[in-house]
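My entries follow the display.

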Amino acid sequence: MMRVAFIGLGAIGRPMAAHLARGPFELTVWNRTAEKSRVFADEHRVRAADTPASAAGGADVVVTCLPSSREVEEILEGESGLAAGLERGSLVVDCTSGDPAASVRIAQRLAKTNVGFVDAPVSGGVKGALAGTLTVMCGGGIAAIDRARPILAAFSGKIVRCGDVGAGHAVKAMNQALLAVHIWSAGEVLAVLARYGVPAATALEVINGSSGRSNTSENLFPERVLGHAYPRTFRLGLLDKDVSIAAGMAQQSGISSPFIELAARLFADAHESLGDEADHVEAVKLIEERAGVRIS
Ligand code: NDP
């Protein structure tokens, strides 16, 4: 049976790991806050490791799902770090929404000890993770991705190889730039229409039967903005991080990308104004505040 270690039982990592716990894998989990891994291990009858090194020991594949590449690079280091426990010939599958350049750096570091690396960020939210229907965008060699496939298939409905190491993280960052543009522009549209006396529900009914619709207008806004209830499924701080990666990529590419740059600035503002615990859709509150309009 394939031995898998899962590192990072956060909002999305936990439901992803829960699919792996159902088998056919021998699962070990590690989380920075040990209480969370203990509760998970009790509930799913799997092993909770004390350190990243101990989680990686004996594992064929190690899945990481942390806030950013910075934390992935951090947990590799030190006596009890991941790298100290990784077996030669094993594979690290990074489901973090990370940075393409950091992925290349991590892959090079791991290759020195004959450990493979695939970047495999996911999309579909906590809902998709619970349902096991996430989309996974992979960067890495074909053989390494094929090796990761049975694990990724446990929580996803679509697995796409985007290119070499870093390509998965690159596509994810650009997808997030689109998400940010959709949220902000839908918020502006509804704020302007409010001034014209059109209720948000009416506007969304029309837009969702028209060419301006998006996942944001069809799902996120009806679920969250209309009722002014913002369950925290995906932290605003994480979307700020994603769009800032996208803006960095755009700058590096030398291609003029004013939308991406502006989205990065606006979401940095929203993050600063609403704090680290806000949900990503709550950015709309900043539009309301700046416009002096309540979207309802
Ligand atoms: P959360 O903030 O809910 O969880 C973060 C996880 O990382 C927790 O397990 C946390 O441990 C751990 N962690 C944080 N800092 C460190 C550190 N310095 N060292 C070790 N562990 C650390 O994030 P999500 O689960 O929402 O997101 C994880 C990744 O998935 C992110 O890259 C995000 O962008 C991406 N993603 C999230 C989606 C979502 O809907 N939530 C959707 C698609 C992608 P602790 O429990 O101790 O805090």
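**Basis.** I worked on a predicted model, in which local features need pLDDT of at least 70 and side-chain atom pairs count only at pLDDT 80 or more, while totals for chains, interfaces and linings use all residues. Residues are numbered from 1 along each chain as its sequence is written, and side-chain values use heavy atoms, with hydrogens and water left out.

**Ligand shell.** I found 27 residues around the ligand, the closest being Asn31, Thr33, Lys36, Pro67 and Thr233 (near: a heavy atom within 4 Å). By class I noted 11 nonpolar, nine polar and seven charged residues; Ala, Val, Leu, Ile, Met, Phe, Trp, Tyr, Cys and Pro count as nonpolar, Asp, Glu, Lys and Arg as charged, and the others, Gly among them, as polar.

Helices (H or I, at least four residues) and strands (E, at least two) are DSSP runs numbered from the N terminus. Domain 1 (2-165) and domain 2 (170-291) both contribute to the shell, so the ligand lies between them; the bounds come from an automatic or database domain assignment.

**Polar contacts.** I looked for N or O atom pairs within 3.5 Å. A polar side-chain atom of Lys36 is 2.7 Å from a ligand oxygen, and a side-chain N or O atom of Arg32 is 3.0 Å from an oxygen atom of the ligand. At Thr233 a backbone N or O atom lies 2.8 Å from a ligand nitrogen. The protein covers 90% of the 910 Å² of accessible area that the ligand has on its own (Shrake-Rupley method, 1.4 Å probe).

**Backbone.** I recorded a cis peptide bond between Gly23 and Pro24, with omega about 5 degrees. Pro24 is in the loop between α1 (13-21) and β2 (25-30). I also recorded Asn114, a residue other than glycine, with a positive phi near 60 degrees; Asn114 is in the loop between α6 (100-111) and β6 (116-119).

Note on methods: Polar contact = N/O pair within 3.5 Å; in protein donor to acceptor, adjacent residues only side chain to side chain.
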